[in-house]
Amino acid sequence: MTNRQLCIATYNIFHGQFVLDDVGIIGRELADLGADVVGLQEVDVKTARVGGMDTLRLIAEAGGYPYDAFAPAMELGGGEYGTAILSRYPILSHEVIPLAADGLEPRAVGHALIDLGGTRLDFFNTHLSVEEREARLCQILALRELTAPCERVLLTGDFNTEVLADFDALAPMKTVNPRIYPSYYPGKLAIDHIFYTEGFVPTDREMPQLPHSDHYPILARFAF
């Protein structure tokens, strides 16, 4: 391991509903926080409810993120809805992998291969089912199968569960946020997480209380 530092964020942006007059504020705030790679959830691209805007493009440009990738989970209102990745480092490839949802709202995971100046990072970002625990557990098992072959992994997302035992299948990956931050509504336990594998050492974490979504972002800084 070197002494290099990397700042990761995960943020459910509620499709920008709170800032539709200027969704770029989300990108500017992430940049101000120093986030290098970001997993976004609830991202609308050209849907009717955001007035046909490409919110991902506006957020990326406002934050000065030169690389971005969209993982649509479903068609919605003339556009698409899903998750996205922003990066200051080159995204070498990106794939969208559907997750089984058993007739519930469609879900997917985005997998980006990112070049951290010569170090390969497999970055996964997702948003799991909210309706049924059994569906989430199947999706977590799928995440385990997807991440297991990779050497260096960071996994971000809104996992829609407050039960830490649900993540047992992801071991030996660990979360930087074991119930510490109630990122979704006061009184709820953590449902937003950043998981990491060996090779990354968390050095700091925080939850900026930004007013522009029904979630707060989670940030973690890693040495690698």
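Colleague: Let's start with D22. Is its side chain buried, partly exposed or exposed, and what's the percentage?
Modeller: D22 is partly exposed, with a relative accessible area of 32%. Keep in mind that this is a predicted model.

Colleague: Which residue does D22 meet in a salt bridge?
Modeller: That's R28, and the N to O distance between the two side chains is 2.5 Å. R28 counts as partly exposed too, at 35% relative accessibility. As background, side chains of opposite charge can pair when their charged atoms come close.

Colleague: How many salt bridges does the count give?
Modeller: Eight salt bridges. Another one of them joins the side chains of R57 and D68, at 2.9 Å from N to O. This pair links distant parts of the chain, with R57 in helix α2 and D68 in strand β3, 11 residues apart.

Colleague: How accessible are R57 and D68?
Modeller: R57 has 36% relative accessibility, so it counts as partly exposed. D68 is also partly exposed, with 22%.

Colleague: Okay, strands now. What order do the strands of the open sheet come in?
Modeller: The order is β3-β4-β2-β1-β12-β11, which makes six strands with mixed pairing. At the edges you find β3, residues 67-76, and β11, each pairing on one side only. From one strand to the next, the twist averages 20 degrees.

Colleague: What packs on the sheet, and which strands does it touch?
Modeller: Helix α1, residues 24-32, packs there and touches β1, β2 and β4. Its direction makes about 150 degrees with that of β1. Helix α2, residues 55-63, packs on the sheet as well, touching β2, β3 and β4. For α2, the angle is about 145 degrees with the direction of β2.

Colleague: What about β12 itself, is it mostly covered or mostly open?
Modeller: Mostly covered: β12 spans residues 218-223, and five of its six residues are buried. R221 is partly exposed, though, with a relative accessible area of 22%.

Colleague: Which residue forms a salt bridge with R221?
Modeller: E206 does, with the closest N and O atoms 2.9 Å apart. This pair links distant parts of the chain, as R221 sits in strand β12 and E206 in strand β11, 15 residues apart. E206 counts as partly exposed, at 25% relative accessibility. Salt bridges that share partners join D204, E206 and R221 into one network.

Colleague: Where does D204 stand in the strand pairing?
Modeller: D204 stands opposite R221 in β12. The strands β11 and β12 pair in the antiparallel sense over five bridges.

Colleague: Last topic, cysteines. How many disulfides come out of the count?
Modeller: Zero disulfides. For reference, a disulfide is a covalent bond between the sulfur atoms of two cysteines.

Colleague: And are C138 and C150 buried or partly exposed?
Modeller: C138 is partly exposed, with a relative accessible area of 42%. C150 is at 15%, and buried means under 20%, so C150 counts as buried.

Technical notes
Residues numbered from 1 in each chain as written. Predicted model: local features only at pLDDT ≥ 70, side-chain atom pairs only at ≥ 80, totals over all residues. Heavy atoms only, no water. Disulfide = S-S within 2.5 Å. Buried < 20%, exposed > 50% of the residue type's maximum accessible area, 1.4 Å probe, protein only. Helix = DSSP H or I, 4+ residues; strand = E, 2+ residues; numbered from the N terminus. Pairing = 2+ DSSP bridges. Axes fitted to C-alpha atoms, helices over the stretch in contact; angles between N-to-C directions. Contact = heavy atoms within 4.5 Å. Salt bridge = Lys/Arg side-chain N within 4 Å of Asp/Glu carboxyl O.
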